[in-house]
Amino acid sequence: MRKSCLFLSSLILLPFVAFSSTLFTSQNPINLPTSANNNLVLDVSGAPLDPGARYRIVSVGRGAAGGDVYLGPSPNSTAPCPDGVFRYNSDVGPTGTPVRFIKSDQTGTGPINQDQNINIQFSIATSRLCVSYTIWKVGDYDVSLGARLLETDGTIGQQDSSWFKIVEAPQLGYNLLYCPSCSAHQCQAVGVVSQNGKRRLALVKENPLGVNFRKV
């Protein structure tokens, strides 16, 4: 297990600088999770996130800076089901695809804390073939976009590519982090890159996506 963690860490460091408290400038800060940071994650109504409920992930921005997160087909993908994690280009228009948050211990009770590993799953009716294509994960490095893209076909409880964390943003809302379990100090922020005119969620070095959670 130690060798596999070291191997995973080396892969992560290839396309990105390790995420540290100095990676972001004073204009681009982010709050990293710590063992002492057990604050509850709250939805837009001020209630703690419930693992048994469904939510839409909504941008804290407005107009062209806004837009909900949704499941859609990835360009040039050979997957049999939609497998891309996107954000709409504006907060005026379609609503996002509902998600549920699954705690690492896979219990469906108790609120979600900011320092917890979670899986994120689009909560929609789908065929048996497409069930795994609802679970978020971080894909391989895309050379053309210069980023690792968020996609589906993840695994519940997967410790390398499918675990995320939610942390409070410096100004408004929350940020999503990708934190490999064996590389706790190499968290990377989730942001947005442009892909064929759409806004694709990806790991970024700056400008993390600020989001809130609206219960469905």
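Mentor: We go from the whole chain to two residues. Keep in mind that this is a predicted model.

Trainee: How many helices and strands are there in the protein chain?

Mentor: Count the elements, then read their order. Here there are 1 helix and 12 strands. The pattern along the sequence is α-β-β-β-β-β-β-β-β-β-β-β-β.

Trainee: What share of the 216 residues is buried?

Mentor: Buried residues make up 47%. The chain exposes about 10,500 Å², with 51% of that supplied by carbon and sulfur atoms. Look at contact range too. Among contacts with a separation of 6 or more, 60% join residues 24 or more positions apart.

Trainee: Why does Tyr-70 count as buried?

Mentor: Compare relative accessibility with the cut-off. Buried means under 20%. Tyr-70 has 10% relative accessibility, so Tyr-70 counts as buried. Tyr-70 lies in strand 2. Its contacts beyond four places in sequence include Val-85, Phe-86, Phe-122 and Lys-198. The C-alpha atoms of Tyr-70 and Pro-94 are 9.4 Å apart, though 24 residues separate them along the chain.

Trainee: Where is Asp-83 placed?

Mentor: Asp-83 sits in the loop between strand 2 (69–72) and strand 3 (84–87).

Trainee: What polar contact joins the side chains of Asp-83 and Ser-74?

Mentor: One of 2.8 Å. Asp-83 is also in contact with other residues, including Tyr-133, Glu-151 and Thr-152.

Key
Residues are numbered from 1 along each chain as its sequence is written. This is a predicted model: local features need pLDDT of at least 70, side-chain atom pairs count only at pLDDT 80 or more; totals for chains, interfaces and linings use all residues. Side-chain values use heavy atoms; hydrogens and water are left out. Helices (H or I, at least four residues) and strands (E, at least two) are DSSP runs, numbered from the N terminus. A polar contact is a pair of N or O atoms within 3.5 Å; within protein, one must be able to donate a hydrogen and the other to accept it, and residues adjacent in sequence count only if both atoms are side-chain atoms. Contact means heavy atoms within 4.5 Å. Buried means under 20% relative accessible area, exposed over 50%, partly exposed in between (1.4 Å probe, protein chains only). Accessible areas come from the Shrake-Rupley method with a 1.4 Å probe; for residues, only the protein chains shown count as cover.
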